[in-house]
Amino acid sequence: MHKMTTCPYCGVGCGVDADILDSGSIGVKGDKSHPANFGRLCVKGSALHEVLGAGGRLLSPLINNVPVSWDSALDEVSSKFLRTISEHGPDSVAFYLSGQLLTEDYYVANKLMKGFIGSANVDTNSRLCMSSAVAGYKRAFGSDTVPCSYEDLEKAELLVLVGSNTAWNHPVLYQRMQAAKKKNPSLKVVVVDPRRTATCDLADLHLALKPSTDSELFSGLLSYLADQDCLNHDYIEQYTEGFELALTSAQQQFDSVSAVAKYCDLESDILTTFYEWFAQTEKVVTFYSQGVNQSFSGTDNSNAIINSHLATGRIGFEGAGPFSITGQPNAMGGREVGGLANQLAAHLDFSSPEYIDLVSRFWNAPNIAQTEGLKAVELFQAIEEGKVKAVWIMGTNPAVSLPNTHQVTRALEKCPLVVVSDCMASTETLKYADVCLPATGWSEKDGTVTNAERRISRQRSLLAPTGEAKHDWWIISEVAKKMGFEDAFSYQHPAEIFAEHAALSGFENDGNRDFDISLYQDIDIDTYNSFKPVQWPVTQEAPYGTARMFSDGRFFTPSKRARFIPIQASSPIQQVTPELPYILNTGRIRDQWHTMAMSGRARRLFQHRDEPFVELNQADALKEQISDGELVKLSHPQGDYIGRARVMVSEQRRGELFVPMHWNNEFSSLAKMGALLEPVTDPISGQPESKHGRVSLSKLNPSWQGWLMCRSDLEINLPVEYWSKVPKGDVTFYYLADSVELVDGIAWCKEHLGDVSIWLEDPNSQNFRAAGLKGEALEWTFFVMPYGEIPSTRWLEEMFSEAELSIDQRRFILSVTGCEIENPGEMICSCYQVGSNAIVEAIGLGSRTVDMLGDKLKCGTNCGSCIPELNAILAKELK
Ligand code: SF4
């Protein structure tokens, strides 16, 4: 049976055609009818079926780690919340939500906290992702309105990608951009990013600007547009306000292109080319993401971009507009219901008593919150200070993802009541939970999500809930009922919640608010179940949705005019010092998602990057005497990080480092990037400055390095300085390193792994190899050898699946030559398991284009996520 649903990873919101098989497993492919992806999926979406199953799931409610009935767990949560509120007031409790929740879950949580508990202490991990974009839109448009559609990316003549590694983080949109450029070679692409990322493969121009100078780049553009007489005076006159102040501010700071170039550390001619292209092209989309948002000046960055579009009137028509792309699958749905602490509901906020009154009357909630609540970073500080005494965390892992993770874990340790709802049993945050509530996972959930182009789609239930898992909206509603709010939370089906959400969006709206889906206020279950993707607003006047906003030049400010915002240049808070001389950039990689709670279950998603790493420029590597592949340590007074050095020739600017955001204590000994980041936030949006940390860098000098393969995961308590876990096939692989000399390998194995069945010692080369068998089957292998000599482990992986090893197989277990068969090199194409060695060989044999490589090896022919890397290998090999 086929069901159409949506991918739970990034904000592209791809439609998934799920084939539910009789065996209980599912097959996935792209939904050809979904307007976000038209059948495409990236590697993460293609591996969705690999993250299913009961393994690793939280299966029943727990109180203090003891399984209890749902009734007991709900009693515990509701009674302790009630007691805390009665003793310390409503602001002593809080919810911390996730962009992974469905809109219906989000709506109920927000309604309970803001409407009935009477506090606005409900924030979300979307605060870390796009809250600066929200604040920027609200300042400019009077509303949190994304003006564009994905098709604008294809209709544009100039695409400006700012702070976005689209190729890795929004791969299907990147594929759409690639296809558009192929169809229309005159489409120009500019990438604005301090790093040369895979996205630059598509770029006609790459501006590798100094980190955190985005707003200055766009202020300079505004000044240039005025100088060159390229402003749209009619548009400015008719539809905007505040232009003169914004222009004066820009001109006072930057009176020439060379002044901007100097500030942003760019070459003048490259910057001039970008400015000329922007000035001369009518259809421009500026597409921006975390590189813009995760900054002390993220809101200003957004507004500097929007200013340039307003000044040229490039908004509200096909192929034009300032387009913020969300990171998470339902960050937009969270925004719609008011899931941020400074929002109220349905795109209303606390700025007017009339808004509060309106929502209060609609919900029949006389105890509604009157002021904004605590934003994410403030919230965890308030928990540590003892001001917030009960927190309920849903579907997110703040112990890994927030800045200054040590502070977050201190806060959670100290908090009298920590409730965590999650589908997984083992996240770092769960370790601090007094009450654990099993929530349904992606394949079980049922509701709606909104992607980055305002398109609402259904996420449909494919499989029955695992164990005793329940839907988040149900869990919250049951707690609400036990708290005495029975009438307001008596939902029986998510369609009822969606209908109420739709009704609120239209309640006393009269066209004054952007978010309006009131056409669905009476939706029934059948219609909800057959819901087709649609872009809001959806009203009587626009029953098929709205592709593009502001086509009429009418905005949602009091004057109905868009606002220019004067932008002042400013510097990042986390400035380098002699003790912390490197700028730290953080971000996502191609094949992993957030803190790996889900993607870490799909073994093939580890093949692209299998260890935490640090990217650095080769000049810095030379200075610090670090070679590619060596282990390095990043240090900050808050915490440390260990990863494998990836030395870059030109992709990484000098003095700047990049680390991935994903690894944590579940997968590596010391790889939480949040431990290195200070809790610095944008003063308007509250979004952390995650793209500009500061650290010191040093080489780790382990006495030995090695690797371990086990049939099952170890409870990691190995006394080593560094370990990193890599799920491989049916076994688990660990990289190991330690500064303490391994004096007696056999004794070490006996103590930590069990009986040693066979071993090989070479005192001259420091190499040591051992294996343990259980009966006749292989249980573990342990090899001590330099990192650079680690061979392909495919042959050994196969040995673990043998129930009984032959004499010859035993003989070869400790032989590295046995393992060297079919070394694939770095895994480039995760879909078809094509490594760099095969690709290099095929190029040598005459495959000189990506298409030819695809014909020969199939690489790049499924999701296409690896095409930029294929191009990079081609460029290197054919040079
Ligand atoms: S681009 Fe990939 S991760 Fe994002 S929604 Fe589509 S399939 Fe999922």
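Which residue in β28 does L634 stand opposite? The residue is L697. The structure examined here is a predicted model, in which local features need pLDDT of at least 70 and side-chain atom pairs count only at pLDDT 80 or more, while totals for chains, interfaces and linings use all residues. Residues are numbered from 1 along each chain as its sequence is written, and side-chain values use heavy atoms, with hydrogens and water left out.

Helices (H or I, at least four residues) and strands (E, at least two) are DSSP runs, numbered from the N terminus. Two strands are said to pair if DSSP finds at least two bridges between them. Strands of a sheet pair through backbone hydrogen bonds, either parallel or antiparallel.

The pair L634 and L697 belongs to the pairing of β25 with strand β28 (residues 693-699), which is antiparallel and extends over four bridges. Strand β25 (residues 631-636) is also joined by six bridges to strand β26 (residues 639-648), again in the antiparallel sense. In this second pairing, K633 has I642 of β26 as its bridge partner. Two residues lie between β25 and β26, and the two strands form a hairpin. Strand β25 is mostly covered, with five of its six residues buried; buried means under 20% relative accessible area, exposed over 50%, and partly exposed in between (1.4 Å probe, protein chains only).

An open sheet of three strands is arranged in the order β1-β2-β3, with antiparallel pairing. Strands β1 (2-6) and β3 (26-30) stand at the edges and have a single partner strand each, so one side of each is left without a neighbour in the sheet. From one strand to the next, the twist averages 30°. Strand β2 (residues 15-20) pairs with β3 over five bridges in the antiparallel sense, and I20 has I26 of β3 as its bridge partner.

Helix α7 is mostly covered, since ten of its 13 residues are buried. Among them are P171, V172, L173 and Y174, as well as A180 and K181.

Two packed helices are described by the angle between their axes and the distance between the axes. Axes are lines fitted to C-alpha atoms, for helices over the stretch in contact, and angles run from 0 to 180 degrees between N-to-C directions. Helix α16 (residues 353-363) packs with α21 at an angle of about 145°, and their axes are 11 Å apart. The contact (heavy atoms within 4.5 Å) is made by L358, F362 and W363 of α16 together with E500, A503 and L504 of α21.

With a relative accessibility of 57%, R811 counts as exposed. The C-alpha atoms of R811 and I758 are separated by 9.2 Å, although the two residues are 53 residues apart along the chain.

Backbone geometry was also examined. Most residues other than glycine have a negative phi, and most peptide bonds are trans. S212, although not a glycine, has a positive phi of about 60°. S212 is found in the loop between β10 (205-207) and α8 (214-227), and counts as buried at 14% relative accessibility. E508, likewise not a glycine, has a positive phi of about 50°. E508 is placed in the loop between α21 (494-506) and α22 (525-529), and is partly exposed, with a relative accessible area of 40%. A cis peptide bond, with omega about 0°, joins W536 and P537. P537 is found in the loop between β21 (534-535) and β22 (562-563).

Finally, the cysteines were considered. The structure holds zero disulfides, a disulfide being a pair of cysteine sulfur atoms within 2.5 Å. The sulfur of C866 is 4.2 Å from the closest cysteine sulfur, that of C829, which is too far for a bond. C866 is buried, with a relative accessible area of 3%. C831 also counts as buried, at 16% relative accessibility.
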